[in-house]
Amino acid sequence: MHGEYKVPGGKLVVVDLEARDGVLRDVRVAGDFFLEPDEAIHAIDRALEGAPADLDAAGLAARVETALPPGTQMYGLTSDGVAIAVRRALAHATDWTDYDWQLIHMEPQSPALHMALDEILTTEVAAGRRPPTLRVWEWASPAVVIGSFQSLRNEVDPEAAGRHGVTVVRRISGGGAMFIEPGNTITYSLSVPDALVQGLTFADSYAYLDDWVLGALGDMGIKAWYQPLNDIATEAGKIAGAAQKRVVGGGAVLHHVTMAYDIDAGKMLEILRIGREKLSDKGTRSAKKRVDPLRRQTGLPREAVIERMIASFRGRYGLTEGKVTDEEMARARELAETKFGTAEWTARVP
């Protein structure tokens with residue numbers, strides 16, 4: 001069995017092993033990390049040898065941590081990273097490069113249609129009728145996108161939204177409200193086979209699926225990191241928020257991210273009801289300081305940021321131009337009309 005895991009902000013960990021009679025055998029850990037002293041690598045292998053095959057990642061990490069020689073220094077490697085690589089090997093997890101990725105970057109669409117496309121495309125990936133897909137969104141109009149479980153009245157001021165021509169829609173994933181203006185927002189979705197995140201906890205899958213964009217931002221001179229559970233942050237502040245949805249019955253995962261290229265903070269504060277409790281857990285007193293736009297940090301036009309992100313993904317994993325099929329679009333339009341565009345769905349949590 002073979003498992004790989006790139007430690008967020010670190011290096012690749014590779015584990016080869018066998019599972020016999022319910023325990024781990026012939027464990028070999030490798031990777032492009034740095035580790036001192038040399039004998040620490042053998043201590044890690046010995047710590048995992050004979051471990052129960054059903055031991056969770058926390059238990060495996062504890063075995064590794066206990067076995068490390070005094071004074072061990074890890075660079076780009078963590079005990080948790082080793083444990084996750086083991087769990088991914090046992091789960092027969094796949095890697096990014098195992099797939100032929102497809103890019104969808106089409107003309108602007110309505111907020112409700114974007115919600116529907118996420119559901120339809122991810123369902124198609126789950127059914128094996130569509131390859132793993134990176135979809136970059138273009139917005140036809142301003143919107144507030146609320147999480148699946150948020151209260152509509154608690155999150156949005158309807159009078160302010162109407163005054164500014166902002167459509168409110170509800171997505172299928174959890175998380176918080178996102179304020180969208182077409183020229184100020186960068187949004188993308190990943191519709192991926194669930195095998196890609198096998199062996200990862202729900203929280204770990206966020207960091208794993210966000211790692212490529214951290215690299216893309218780094219190429220643009222931005223030092224960014226994953227901030228649990230679902231934020232991408234820099235020293236200047238938060239720049240993006242992510243959300244996920246698992247397809248019922250398994251088969252695929254939807255991971256989508258909204259990034260602030262620029263932002264009209266005054267308008268956002270009129271429309272969104274951002275409470276003190278939410279601000280306190282972000283360590284800031286002002287909602288205006290919670291998001292620091294990419295325009296200021298990169299100095300690049302929005303289109304250039306998107307082009308560089310796509311180029312970075314393509315350079316890492318390969319990416320071919322694709323499109324939404326006529327059948328997929330027809331289903332998405334119907335779903336936008338019967339579900340995502342309805343008051344019943346939008347106010348399902350009043």
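Me: Before we look at the cavity lining, what counts as a helix or a strand here?
Reply: Happy to start there. Helices (H or I, at least four residues) and strands (E, at least two) are DSSP runs, numbered from the N terminus. The structure above is a predicted model, and its elements carry names such as α11 (302–317) under that scheme.

Me: Which element gives the most residues to the lining of the largest cavity?
Reply: The lining is made up of L134, V136, I186, Y188, W212, I306, M309 and I310. Two or more of these residues come from each of β7 (133–136), β11 (185–193) and α11 (302–317). With three residues, the top contributor is α11.

Me: How many cavities of 30 Å³ or more are there, and what space lies in the largest?
Reply: Counting those of 30 Å³ or more gives one cavity. The space in the largest cavity is about 40 Å³.

Me: What kind of aromatic pair do F313 and Y317 form?
Reply: They are four residues apart in helix α11, so about one helical turn separates them. F313 counts as buried because its relative accessibility is 0%, and Y317 counts as buried at 16%. Their ring centres are 5.2 Å apart with 75 degrees between the planes. Planes over 60 degrees apart make a pair edge-to-face, so the name for F313 and Y317 is edge-to-face.

Me: What is the angle between the planes of Y99 and W101?
Reply: A search of the whole structure finds 13 aromatic pairs. Y99 and W101 form an edge-to-face pair, 6.2 Å centre to centre. Both of these residues, Y99 and W101, are buried. The angle between their planes is 80 degrees.

Me: Over the ring of which residue does the charged end of R88 sit?
Reply: Elsewhere, K339 lies over the face of W345, 4.5 Å from the ring centre. For R88, the charged end is 4.7 Å from the centre of a ring.

Conventions: Residues numbered from 1 in each chain as written. Predicted model: local features only at pLDDT ≥ 70, side-chain atom pairs only at ≥ 80, totals over all residues. Heavy atoms only, no water. 1 Å grid on protein atoms, 1.4 Å probe; cavity = no way out; pocket = protein on both sides within 12 Å on 5 of 7 lines; lining within 4 Å. Points joined across faces, edges and corners; volume = space filled by probe spheres on them. Phe/Tyr/Trp six-rings, centres within 6.5 Å; stacked < 30°, edge-to-face > 60°. Buried < 20%, exposed > 50% of the residue type's maximum accessible area, 1.4 Å probe, protein only. Lys NZ or Arg CZ within 6 Å of the ring centre and 35° of its normal.
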